[in-house]
Amino acid sequence: MEGIQNPVVVSRSVEEVFSDFRGRRAGLLKALSTDVRKFYHECDPDKENLCLYGLPNETWEVNLPVDEVPPELPEPALGINFARDGMPEKDWISLVAVHCDSWLISVAFYFGARFGFGKSERKRLFQMINDLPTIFEVITGNAKQSKDQSANHNTSRSKPRQSESQTKASKTSPPPREDDDSGDDEEDDEQGAVCGACGDNHDDFWICCDACEKWFHGKCVKITPAKAEHIKHYKCPTCSTNKKIKA
């Protein structure tokens, strides 16, 4: 969807626009989670105004804003590097995450307008987007699913001491999905537990960080089931990095 020429409007479906959204979102989540150290160093405050771009192929890049006026696509927040050293790193990452969410929405609905989506198509696109937790929710651990995960994780720690094999099985079992029949909040029924790196909840091999208690797909943090068998206390990339910085 990159490279749309002004004179020609090519019809696209809601599913194609949503696929573009998910690809860009996945790239931004990588920048702010598993690739956060690389992202941090690329946002040098001594450089010119920099932007964080999520690309449809699930990658990301930090670059200068485009020279076109007006730009071909809505531009992400400008000058994110200038604020990097002016606040705690965690707060800065959270701020960037909020701007990323805003940018993703603007790009998706730019495409919606560009491709002539009607009311029903715009509503469907928004619903598909809204079914996913925001980047801010994933990065800060505020996605609703994480509450039940933490509760279950803490409950398991208060039980009598288990054998090592039982503990490993618990740590690498998929996090529980919500089964709320109260009907008070429709969102609670729409999603299951989410990965702290990619934000998705598809079935896969999972591992839980013993420091922040977030769940991750093994492939997102490069941990295989075989490797997990030899890990007594797992720390995700973010928690491992934070420990090194404090040291």
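Reader: Why is Val66 called partly exposed?

Author: Buried means under 20% relative accessible area and exposed over 50%, with partly exposed in between (1.4 Å probe, protein chains only). Val66 has a relative accessible area of 39%, so the residue falls in the middle class. The model is predicted: local features need pLDDT of at least 70 and side-chain atom pairs count only at pLDDT 80 or more, while totals for chains, interfaces and linings use all residues. Residues are numbered from 1 along each chain as its sequence is written, and side-chain values use heavy atoms, with hydrogens and water left out.

Reader: Where is Val66, and what is it in contact with beyond its neighbours within four places in sequence?

Author: Val66 sits in the loop between strand E2 (60-63) and H3. Helices (H or I, at least four residues) and strands (E, at least two) are DSSP runs, numbered from the N terminus.

Reader: How many helices and strands does the protein have, and in what order?

Author: There are 10 helices and 4 strands. From the N terminus on, the order is α-α-β-β-α-α-α-α-α-α-β-β-α-α. Of the 247 residues, 39% count as buried. Among contacts between residues at least 6 apart in sequence, 67% join residues at least 24 apart.

Reader: What makes Phe39 and Trp92 a stacked pair?

Author: Rings of Phe, Tyr and Trp (its six-membered ring) pair if their centres lie within 6.5 Å; planes under 30 degrees apart count as stacked, over 60 as edge-to-face and the rest as tilted. The structure holds 8 aromatic pairs. In the pair of Phe39 and Trp92 the centres are 5.3 Å apart and the planes 10 degrees apart, so both values meet the limits for a stacked pair. This pair links distant parts of the chain, with Phe39 in helix H2 (residues 36-42) and Trp92 in helix H3, 53 residues apart. Ring pairs also link Phe39, Tyr40, Trp60 and Trp92 into a cluster.

Reader: Are Phe39 and Trp92 buried or exposed?

Author: Phe39 has a relative accessible area of 0% and Trp92 is at 1%, so Phe39 is buried and Trp92 counts as buried.

Reader: How do you know that the structure holds a cavity?

Author: Rolling a probe the size of a water molecule over the atoms shows where empty space is left. On a 1 Å grid over the protein atoms alone, a cavity is a set of points where a 1.4 Å probe fits but cannot get out, and lining residues have an atom within 4 Å of a point. Grid points are joined across faces, edges and corners, and a volume is the space filled by probe spheres set on the points. By that test the structure holds 1 cavity of 30 Å³ or more, and about 50 Å³ of space lies in the largest cavity.

Reader: Which residues line the largest cavity, and how do they divide?

Author: The lining consists of Leu52, Pro76, Ala77, Ile80, Val96, His99, Cys100 and Trp103. Helix H3 (residues 89-114) gives the most, with 4 residues. Ala, Val, Leu, Ile, Met, Phe, Trp, Tyr, Cys and Pro count as nonpolar, Asp, Glu, Lys and Arg as charged, and the others, Gly among them, as polar. The lining therefore divides into 7 nonpolar, 1 polar and no charged.

Reader: What phi values do Glu58 and Glu213 have?

Author: Most residues other than glycine have a negative phi, and most peptide bonds are trans. Glu58 has a positive phi of about 70 degrees, and phi of Glu213 is near 65 degrees, also a positive value. Glu58 lies in the loop between strand E1 (51-54) and E2, whereas Glu213 is in the loop between strand E3 (206-208) and strand E4 (215-217). Glu58, at 40% relative accessibility, counts as partly exposed; Glu213, at 14%, counts as buried.

Reader: What kind of peptide bond joins Val69 and Pro70?

Author: The bond is cis, with omega about -5 degrees. Pro70 lies in the loop between E2 and H3.

Reader: Why is Thr34 called partly exposed?

Author: Thr34 has a relative accessible area of 29%, so the value falls between the buried and exposed limits. Thr34 lies in the loop between helix H1 (14-32) and H2. The C-alpha atoms of Thr34 and Val221 are 6.9 Å apart, although 187 residues separate the two in sequence.

Key: Contact = heavy atoms within 4.5 Å. 1 Å grid on protein atoms, 1.4 Å probe; cavity = no way out; pocket = protein on both sides within 12 Å on 5 of 7 lines; lining within 4 Å.
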